[in-house]
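Trainee: Could you show me how to read some features of a protein model? I'd like the general idea, then the case at hand.

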Amino acid sequence: MTFSYKNVYLGDTVTICGPYEKKGPFRRYFDKVYDDFYFGEDSFEKGEIKLVREALSMILKKVGKKEVDLVIGGDLLNQIVASTYGSAGVGKGFIGIYGACSSSALGMLIAANFIENRQVESALCFVSSHNLTSERQFRYPIEYGAPRPNSSTFTATGAACCFLTNQKTKVRLECATLGKIIDYNQNDPNDMGRVMAPAAIDTLKTHFEETGRVPKDYDLIVTGDLGVYGKEIVKEYMSSVYHMDLNDNYNDCGVMLYDLEKQKDIHAGGSGPVCSALVLYSYLYEQLKKGKYKRVLFLATGALFSPMMLYQKENIDSICHAISLEVV
Amino acid sequence: MIFFVLDKLLLVKNMRDLKYEKIANSHKAPEKKFQNALIAFFSGGFLGFLAEGIIEVLMWKFELSRMISATYMIVFFIFFASLFTALGFFDQWVAKFKCGLIIPITGFAHSMTSSSLDYRTEGPIYGIGSNMFKLAGSVILYGVLSAWFFGTIRYLIGVIG
């Protein structure tokens, strides 16, 4: 399931983030940073909606357009409310997607197919997540101090948006691999790296098989939000089972987004749809534009976790989609 | 041990999963279980020590019976756990002092206050009213149930004896 594209380009990006991401190493690459979790609204959910709204208006201003053809967005909330409320009034058509933390790559893949088939000329893809809204959604009440194990990840706060177009720019979306649902009998909601690593492995393997490439063909391979331990699992599994060496050019956005030495409450790393998007649309996009990286493989990993199904004794499934970006 | 192994084998469906389990287990996040237990032991113990102190002071200063003083002490703890939760630093204390603060009555108060704080945005009925006991509900239900169960046993023993 790998698609190659001839004329899909990454026009521009916008990243907005919250207080924890601000303390991370990519502070200067973000377009806007906030110091609190309310973003001037009276509830966290409304705050997340505001972030999306702001990111969309910022990107329209940045690319100098009043309107785009297609808007694709996703987030973690029930009925993806941050995306639907946040993007109201933008674009001629809207697609809401749910791929958990893999939404960023999934949205880009769908938009790229539309553009490649000349059905639309330009598209906006955005994702958002909010640490405290997802705490409410998936875990405990915000002020409840349940001790967290070291394997747990921290949902990133922010909204990230990219503009895809058929007009030539410096960075090209060159191919993408659509992943499938993976079930490796994992059921620990506090260790998402372990849940999602099999999906990353599967999509990596599929991508290399279908394109005939090897890891060395990429300057950098990044996974979405596997965290410190999930990253090691992917590395060892790929080398011991498929004999692919990822030691030199592999990293994980969840590990990159925060300063894990100083920010102890992040535990194993960042997570959430926006975690991988924040790294790709800010730091990695800058590096691609500068020409430091020529070709980057971006794998957004998502744990399709529902507390309800977990209490009904079902496993946590995962999915991963890959996008390859190349400097023209 | 044998049950543990059997359990693992039944859970894991096939060789692929077994192989993955093996690799994943070698990259497990280290947990300081013993240290956490020790912290919880001392923080919980300190809370007990504090509670006993309050009871003694109440008995001595206000000449109350032990039972009445203990009730006041519980009210005192519930009040302060709720207040500190509302002020926003009780969860940080729990992160530091581990389950020493969750297991006693302070944890119960904390769970109720944090739930109601969380759902205040959905209003007094659909928010606070329907969700206040989200975490504490199980404690109340099974607390009452086991009280009834053991009360019955005690009564029956009394009847027979």
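Trainee: Is Y20(A) buried, partly exposed or exposed?

Mentor: First, some ground rules: this is a predicted model, where local features need pLDDT of at least 70, side-chain atom pairs count only at pLDDT 80 or more, and totals for chains, interfaces and linings use all residues. Residues are numbered from 1 along each chain as its sequence is written, chains are lettered from A and ligands numbered from 1 in the order in which they are written, and side-chain values use heavy atoms, leaving out hydrogens and water. Now, buried means under 20% relative accessible area, exposed over 50%, and partly exposed in between (1.4 Å probe, protein chains only). With a relative accessible area of 22%, Y20(A) is partly exposed.

Trainee: How many aromatic pairs does the structure hold?

Mentor: Rings of Phe, Tyr and Trp (its six-membered ring) pair if their centres lie within 6.5 Å; planes under 30 degrees apart count as stacked, over 60 as edge-to-face and the rest as tilted. Over all chains there are 24 such pairs. One of them is tilted: Y20(A) with F37(A), 6.0 Å centre to centre and 35° between the planes.

Trainee: Why does that pair tie together separate parts?

Mentor: Y20(A) lies in helix α1 (residues 19-22) of chain A and F37(A) in the loop between β3 (32-33) and α2 (44-63), so the pair ties together parts 17 residues apart in sequence. Helices (H or I, at least four residues) and strands (E, at least two) are DSSP runs, numbered from the N terminus. F37(A) counts as buried, at 15% relative accessibility.

Trainee: Which kind of pair do F26(A) and Y283(A) form?

Mentor: A stacked one, 4.6 Å centre to centre with 15° between the planes. F26(A) sits in the loop between α1 and β3 of chain A and Y283(A) in helix α9 (residues 273-290), so this pair ties together parts 257 residues apart in sequence. Both F26(A) and Y283(A) are buried.

Trainee: Why is strand β13 of chain A largely enclosed?

Mentor: Nine of the 10 residues of β13(A) (residues 295-304) are buried, so the rest of the structure largely encloses that strand. Two strands pair if DSSP finds at least two bridges between them. Strand β10 (residues 220-223) of chain A pairs with β13(A) in the parallel sense over four bridges, and V222(A) stands opposite F298(A). With strand β14 (residues 317-327) of chain A, β13(A) pairs in the antiparallel sense over 10 bridges; there, G302(A) has I319(A) as its bridge partner.
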